[in-house]
Amino acid sequence: MGTWDTGPFDNDTAADFANALDEAEPEAREALIRGVLVRTIDATGYLTEAEEAVAAAALLAAQCPGGEPVDMSYGPEKPMPVFPSDLRVLADEALARIVDDENGPASNWVDPEDWKQWRAILTRLRTVLAPPPPSIALFDVQP
């Protein structure tokens, strides 16, 4: 894997995923993202699509309150459609799976500082993707 930085699209595999999204028809982009997330969640053994799942999660997080825009240098050049909110849950589950995989992408970092920065990016993405806690209506107390 060619990696040049710690961002979600800063590796060859994620950049190729961005190109695939650009080449896909707008209505097919959701299926590409959903597919990579579900395959990552359901994978047994090595997570072969972890880099694409991180990139997909970044695209979804960019559409959430508090989300950061995706780096246009290596991310998709074409605008993404508004994705359904259920993809946020899948993205969070995929990221949890990636973070917990000791033999996966986390083991690829040579420099411990890069690993820490990458892990912080995944944590930030998960924080943005996490659905807000349900609000519980409080009883209206009358004096």
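**Exercise 1.** In this predicted model, determine how helix α2 packs against helix α3 (residues 50-62).

Solution. 
Step 1. Take the geometry. The axes of α2 and α3 are 9 Å apart, and the packing angle is about 125 degrees.
Step 2. Classify the angle. Angles of 65 to 115 degrees count as roughly perpendicular and those over 145 as roughly antiparallel, with the rest, apart from those under 35, called oblique. An angle of about 125 degrees therefore makes α2 oblique to α3.
Step 3. State the hand. α2 and α3 cross in a left-handed manner.
Step 4. List the contact. From α2 come Ile-33, Val-36, Leu-37 and Thr-40, and from α3 come Ala-50, Glu-52, Ala-53, Ala-56, Leu-59 and Leu-60.
Step 5. Sort by class. The contact of α2 with α3 has eight nonpolar residues, one polar and one charged.

**Exercise 2.** Find the angle and the axis distance at which helix α2 (residues 29-42) and helix α4 (residues 86-100) pack, and sort the residues of their contact by class.

Solution. 
Step 1. The angle between α2 and α4 is about 40 degrees, and the axes lie 8 Å apart.
Step 2. Angles under 35 degrees count as roughly parallel. At about 40 degrees, α2 is therefore oblique to α4.
Step 3. This crossing of α2 and α4 is left-handed.
Step 4. On the α2 side, the contact uses Glu-30, Ile-33, Arg-34, Leu-37, Val-38, Thr-40, Ile-41 and Asp-42. On the α4 side, the partners are Asp-86, Leu-87, Leu-90, Ala-91, Glu-93, Ala-94, Arg-97 and Ile-98.
Step 5. The classes in the contact of α2 with α4 are nine nonpolar, one polar and six charged.

**Exercise 3.** Describe the span of α4 and the cover over its buried residues.

Solution. 
Step 1. α4 has 15 residues, and its first and last C-alpha atoms are 22 Å apart, close to the expected 21 Å.
Step 2. The buried residues of α4 are Leu-87, Arg-88, Leu-90, Ala-91, Asp-92, Ala-94, Leu-95, Ala-96, Ile-98 and Val-99.
Step 3. Their cover includes α2, α3 and α5 (112-129).

**Exercise 4.** Is Asp-101 buried or exposed?

Solution. 
Step 1. Locate the residue: Asp-101 sits in the loop between α4 and α5.
Step 2. Apply the cut-off: buried means under 20% relative accessible area. The value for Asp-101 is 15%, so Asp-101 is buried.
Step 3. Relate Asp-101 to Gly-45: the two are 56 residues apart along the chain, and their C-alpha atoms are separated by 9.3 Å.

**Exercise 5.** How many helices and strands does the protein have, and what percentage of its residues count as buried?

Solution. 
Step 1. There are five helices and zero strands, giving the pattern α-α-α-α-α along the sequence.
Step 2. Of the 143 residues, 42% count as buried.
Step 3. Among contacts with a separation of 6 or more, 68% join residues 24 or more positions apart.

Technical notes: Residues numbered from 1 in each chain as written. Predicted model: local features only at pLDDT ≥ 70, side-chain atom pairs only at ≥ 80, totals over all residues. Heavy atoms only, no water. Axes fitted to C-alpha atoms, helices over the stretch in contact; angles between N-to-C directions. Helix = DSSP H or I, 4+ residues; strand = E, 2+ residues; numbered from the N terminus. Left-handed = near helix turned anticlockwise from the far one by under 90°. Contact = heavy atoms within 4.5 Å. Nonpolar A, V, L, I, M, F, W, Y, C, P; charged D, E, K, R; others polar. Expected span 1.5 Å × (residues − 1). Buried < 20%, exposed > 50% of the residue type's maximum accessible area, 1.4 Å probe, protein only.
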